[in-house]
Amino acid sequence: EVRSMGQTAREALADVRQAISGYQQQSLDESIEHVRLSLRAADIDAAIEVEAVDLPSRTQAMLALVLREAVTNIIRHSAARSCRIALTDEPKSVSLSIRDDGGGRIRMDGNGVQGMRARIESLGGRLDIGRDGPASLQAQIPKEAA
């Protein structure tokens with residue numbers, strides 16, 4: 001019985017790892033659609049503007065993780081009624097900006113923000129928090145990295 005329980009636990013762990021891996025490898029377009037549906041389900045109006053930008057899969061994956069983390073925080077903590085997300089193709093960089101109208105403030109010392117910052121900086125970019133208001137985030141990645 002103990003061996004059987006151990007085998008069941010290993011299989012369950014493998015299933016969870018596979019699910020997480022697939023989630024982390026979601027394309028940016030898939031993540032945008034996912035957050036659109038998540039915001040709608042949370043009764044938060046979403047204005048999402050995405051410019052066509054050809055990005056390598058690694059850059060897409062990093063931006064997708066940042067997007068999902070930020071929107072998860074908006075849904076859980078902000079009490080927002082609306083959210084604006086924009087992906088912009090700028091002359092020297094690609095920019096992802098996220099802003100909501102909730103009463104909250106983004107915690108600079110939180111694990112989520114630190115993880116987002118590490119992901120963006122690993123591509124030579126930068127993450128600005130609060131530049132466009134207390135509940136705003138902007139990630140910029142240089143085109144050489146993208």
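Of the 146 residues that make up the protein chain, 36% count as buried, where buried means under 20% relative accessible area, exposed means over 50%, and partly exposed covers what is in between (1.4 Å probe, protein chains only). This is a predicted model, so local features need pLDDT of at least 70 and side-chain atom pairs count only at pLDDT 80 or more, while totals for chains, interfaces and linings use all residues. Residues are numbered from 1 along each chain as its sequence is written, and side-chain values use heavy atoms, with hydrogens and water left out.

What does the chain look like from end to end? There are four helices and five strands, and reading along the sequence gives the pattern α-α-β-α-β-β-α-β-β. Helices (H or I, at least four residues) and strands (E, at least two) are DSSP runs, numbered from the N terminus. Contact here means heavy atoms within 4.5 Å. Among contacts between residues at least 6 apart in sequence, 63% join residues at least 24 apart.

Next comes the sheet. It is an open one of five strands, in the order β1-β2-β3-β5-β4, with mixed pairing. The edges are taken by β1 (45-50) and β4, each with a single partner strand, so one side of each has no neighbour in the sheet. Neighbouring strands are turned by 10° against each other on average, direction ignored. Two strands count as paired if DSSP finds at least two bridges between them, and in general, strands of a sheet pair through backbone hydrogen bonds, either parallel or antiparallel.

Now for β5 and its partners. β3 and β5 run antiparallel and are joined by seven bridges; Ser93 stands opposite Pro142, and Leu96 stands opposite Ala139. β4 and β5 also run antiparallel, with four bridges between them, and Arg126 has Gln140 as its bridge partner. β5 is mostly covered, with seven of its seven residues buried. Ser136, Gln138, Gln140 and Pro142 point one way from this strand, whereas Leu137, Ala139 and Ile141 point the other way.

The hairpin of β4 and β5 has six residues between the strands, and Gly130 there takes a positive phi near 80°. Pro134 also sits in the loop between these two strands and is partly exposed, with a relative accessible area of 47%. The C-alpha atoms of Pro134 and Gly103 are 8.6 Å apart, although 31 residues separate the two along the chain.

What lies across β4 and β5? That is α4, running at about 145° to β4, where axes are lines fitted to C-alpha atoms (for helices over the stretch in contact) and angles run from 0 to 180 degrees between N-to-C directions. Gly112, Val113, Met116 and Ile120 are buried in α4. They cover an arc of only 95° around the axis, which puts them on the same side of the helix; the arc is that of the directions from the helix axis to the C-beta atoms. The buried residues of α4 pack against α3, β4 and β5.

Of its 31 residues, Leu28, Leu63, Leu67, Ile85, Leu96, Ile98 and Leu137 touch the most other members. The largest share, eight residues, comes from α3. Not counting residues up to four places away in sequence, Ile98 touches several residues, including Leu67, Ala70, Ile74, Ile85 and Leu137.

Notes:
A nonpolar core is a set of buried Ala, Val, Leu, Ile, Met, Phe, Trp, Tyr and Cys residues joined through side-chain atoms within 4.5 Å.
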